[in-house]
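Okay, thanks everyone, let's get going.

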Amino acid sequence: MVKIGEMRIKMIVIILENVRTNVRGELSRWLFEVKAGIFTGKVSALVRSELWLLIGQKLGKGSAMMLYPTNNDQGFTVLTLGNPSRAMVDIEGLFLVKVG
């Protein structure tokens, strides 16, 4: 975690499936696309929220998943939009991967 004044910058991961290239282009302004549809980088909570809203508006028939650090047992939380091929299931506070 990087501290800039009082603002805390944390790493996030966003995974996109079946989205238009313009959505990927928008995200590449803020994050690194390490593999097709997989983005990572360090952004503030405000930028993270704005990026998630942007994805929701432009997602179309695709799907998205975002993982970011938070204060829980696993150290992260997961948000999803659409119907990803691998879903995260919350079982008693723990996220597990569900395939199919």
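So, to start: which residue follows α2, and what is its phi? The residue after α2 is G60, and its phi is positive, near 65°.

Quick housekeeping. This is a predicted model, where local features need pLDDT of at least 70, side-chain atom pairs count only at pLDDT 80 or more, and totals for chains, interfaces and linings use all residues. Residues are numbered from 1 along each chain as its sequence is written, and side-chain values use heavy atoms, with hydrogens and water left out.

Back to the helix. α2 covers residues 45-58, so 14 residues, with helices being DSSP runs of H or I, at least four residues, and strands runs of E, at least two, both numbered from the N terminus. From first C-alpha to last, α2 reaches 20 Å, close to the 20 Å expected at 1.5 Å a residue; that expectation is 1.5 Å times one less than the number of residues.

Which residues of α2 are buried? They're V47, R48, L51, W52 and I55, where buried means under 20% relative accessible area, exposed over 50%, and partly exposed in between, with a 1.4 Å probe and protein chains only. Down the axis of α2, these buried residues fall within an arc of 135°, so they line one face; the arc is taken from the directions from the helix axis to the C-beta atoms. As a reminder, an α-helix has 3.6 residues a turn, so residues three or four places apart point the same way. On the face turned away from the buried side, α2 carries the exposed L46 and Q57.

Now the aromatics. There's one aromatic pair in the structure: F76 and F95, stacked, 6.2 Å centre to centre with 25° between the planes. Rings of Phe, Tyr and Trp (its six-membered ring) pair with centres within 6.5 Å; planes under 30 degrees apart are stacked, over 60 edge-to-face, the rest tilted. The pair links distant parts of the chain, 19 residues apart, with F76 in β6 and F95 in β8. F76 is partly exposed at 24%, whereas F95 is buried at 14%.

Last stop, β8 again. Six bridges join it to β7, running antiparallel, and V89 has L96 as its bridge partner. Strands pair if DSSP finds at least two bridges. In that hairpin, with two residues between the strands, E92 takes a positive phi near 50°.
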